[in-house]
Structures are given as C-alpha cells and as structure tokens.
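Hi,

Here is the structure we talked about. Please open it alongside this note.

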Amino acid sequence: MSRPLTRADLDALPSYVPGRNPADLARELGLTEAIKLASNEVPFGLLPGVAEAVAEAAAQGHRYPDMGVLALREALAERFKVDVDRVATGCGSVALFEHVVKAAATRGDEVLYSWRSFEAYPIVVAGVGATSVRVPNTPGHGHDLEAMAAAITPKTRIVVVCNPNNPTGTSVGRAAMDAFVDAVPSDVLIVVDEAYREFVTDPDVPDALEEYGDRPNVVVLRTFSKAWGLAGLRAGYLVAAPEVADAVRKVVTPFSTNACVQAAALAALEADVEMRRRAAIMISERDRLTTALRALVPQIPDSQSNFLWLPIGEQTVPFAKHCESRGVIVRPFAGEGVRASFGTPEQNDRFVAVASEFFA
Ligand SMILES: Cc1ncc(COP(=O)(O)O)c(C=O)c1O
C-alpha cells in the first residue's frame, strides 16, 4: 500500500472559511453593489499616508526587507513602553499565533482554548501536530476561565484567551482574568489574543499588555488588520518576555513581514488619531446595532468588538442565505450562529432591513 503524500491527520481538519467576494456576489445577483460584513474588517479604506508609504516601499521591492523589522518594532516598543526585544511581528497575527505555537508546542503537547472561538486556532494547532483541548463557552457565549484553568494538564503548553472573543464578541472581565493568570502554572504560556482591542470601551475589560504584560508567561497578540485597516497587507505583532519573543522570531518565516507591510504599519501608527476617530464610529454603530438587532434576536450577547453574534442555531444557514440573496454577506457558523461585522452606517441600515425582513 502506498503512503499518502500528505499527513492523513489533516483530512479531519476544517478549512479556514474566508468571507465571500462582494464583487462576485453583486455580479451574480445583478446588483450594483453587494456588501461584505463577514470578515471583521473596517469599511473606511486605508488610513491617510499608508498608500503613499506602500508605493514608496514597493519602488525598492527588488531589495529584501529588513528581516529584523527594526523600525516597526521600535515604533511599537516606544508606543507600549516596552523593550524592543520583547516585540515580534508577523504576516498577520494569525501567522504569529502559528509561530508562537510552533515555538512552544510540539507533537503530544496540548493547546487549550475556549470554543467556539477564532476558527484558525484548531487549524494552526493541528498543523504543528499538537493537540487542541477545547473548553465549551459559557451559556452566555464567553470564556469559562475557571473551567479552562481546571482543564490544564501537565501536557498543556499554551492556553489562549481571545479577548474580545471572535466570533461571539464577548469579553473577559478583570477579576476573572486576574484569577486566571494567577492560576495558570508559570511554565504554560498564556496567549491573549487582542485582535479587537481598539474597539474595547468597557473599563472592566483588562488591557493585557498593560495589566499582565510583565509576566514572563504572557504573550499579547495584536493586529493591524482590524481597527488599523491593513487586513489585506498582513501585519500582526506580539509583546512577550524577551526569551519568548526571541524564540518566536527564530521560527518566523524569514522576511514574512515584507517591506510594504513594514512601511504601511509605520504610516498607520502615524495616523493614530484618525484610527481612533474611525474606531469610535464603529463603537457607536455597535450600540445602535445591538439595540436594533436585539429587537429581532434578543439573545445577542454584549460585544466589545466590531461585530455582533446572532446565536440563532438552526436558523443560521437560512438567515445567511437570505442575507446573501439580498447582497449582504455575513459569516454563518452552521447550527450555531451568524457573525455580522459592522460596515458604514448606511451598510448597517441595509443589514438591519434585511434581517428585519427575515425575522418578521
Ligand atoms: C481573534 C482573532 N485573532 C487573530 C485574527 C487574525 O488577524 P490577522 O489578520 O492579523 O491575521 C483574527 C482575524 O479575524 C481574529 O479574529
């Protein structure tokens, strides 16, 4: 019998589902425009200065980029008042997550996370050959940190806290997080994935960098993809203890934070005031949409992110299909719920109208 060319254990792995292309859908439906509320992007285009910085970097594209990503790491280190050797960057925070898992876990090791959470976690963990341990979300769709702490075994190398959680938007409060970081053994990495940190307004939701960043086993993952509007350019970063950041940098694919991305992220940081202005629009849309959509789906949990979770069980796929038939792309998780990202106020109005039609 011949050996399979690729690993047989990957057959059981679900593929990552990217959001559908709105231009394709619009063409299919004969609409002038379809809207994508499926990937938690922000709808405003690039921040000022980014396109020019990318063009300038691209003009030198025949040269390799700075492999150490020093200028960007220094800018991040200054911003967060940490040493530069504590910062690592990657081709999106999802790639950095993979590098962290690679740096800390191997076959037979366990990586523990709440479920449902970010769909890349099981894919990355299996890719490295480690074992996923999933602790079910609470009935309110959040992390059960006590159960997560209790599920740690001698094989656990990493626990992940996604705060706010994708796709449910829920967040972990300070008291629960304080108790959790104290409960996790010091030889287990705590990865706090804060992809949506810039949208957090609840003062009870801790900033992991500020509040736990000095603990040697805490890794804080952030991204330029969401509030900073660079999803297509792929820039993520982490702050960790120097030894951990160094181990991560060792396993990073060389040059994967490319020259255009380094320039784009630096330019985006310069446009910080504008980023905050845009994030504030998403935050006010969050309040408005929560009220409007709860009139249709009362069990929507509070969100601290730029999306809402509609836990509508068996209605999930029919609802997503209904939205798509009206030119609105949302992200269904069959049998569980729909994640809807916030667009412009006009796009959100259109989504509420489409949802009202379905639930009427
Ligand atoms: C919780 C969470 N972490 C990480 C990511 C990945 O972001 P990036 O685009 O930086 O890879 C996402 C993207 O959806 C996310 O929701």
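Below are the notes on the sheet, the cores and the salt bridges.

This is a predicted model: local features need pLDDT of at least 70, side-chain atom pairs count only at pLDDT 80 or more, and totals for chains, interfaces and linings use all residues. Residues are numbered from 1 along each chain as its sequence is written, and side-chain values use heavy atoms, with hydrogens and water left out.

**Sheet.** Helices (H or I, at least four residues) and strands (E, at least two) are DSSP runs, numbered from the N terminus. Two strands pair if DSSP finds at least two bridges between them. Seven strands make an open, mixed sheet, ordered S2-S8-S7-S6-S5-S3-S4. Its edges are S2 (87-90) and S4 (131-136), each pairing on one side only. From one strand to the next, the twist averages 25°. S2 runs antiparallel to S8 (residues 236-239), over four bridges. Gly90 sits opposite Gly236 in S8. Helix H9 (residues 242-251) lies across S2, S6 (189-193), S7 (218-223) and S8, at about 25° to S2. Axes are lines fitted to C-alpha atoms, for helices over the stretch in contact (heavy atoms within 4.5 Å). Angles run from 0 to 180 degrees between N-to-C directions.

**Cores.** A nonpolar core is a set of buried Ala, Val, Leu, Ile, Met, Phe, Trp, Tyr and Cys residues joined through side-chain atoms within 4.5 Å. Buried means under 20% relative accessible area, exposed over 50%, partly exposed in between (1.4 Å probe, protein chains only). The largest core has 76 residues, and Phe224 and Phe351 have the most contacts inside it. Helix H10 (residues 259-270) gives the most to this core, eight residues. Domain 1 (8-46 + 273-359) and domain 2 (50-270) both contribute, so this core lies between them. The domain bounds come from an automatic or database assignment. A separate core of 31 residues includes Val111 and Tyr121.

**Salt bridges.** The cut-off is a side-chain nitrogen of Lys or Arg within 4 Å of a carboxyl oxygen of Asp or Glu. The count is 25. Asp214 pairs with Arg86, closest N and O atoms 3.4 Å apart. The two are 128 residues apart in the chain. Asp214 is exposed at 71%, while Arg86 is buried at 11%. Glu274 and Arg278 meet at 2.7 Å, N to O. They are four residues apart in helix H11 (residues 272-294), so about one helical turn separates them. Shared partners join Glu194, Arg197, Asp207 and Arg222 into one network.

Best wishes
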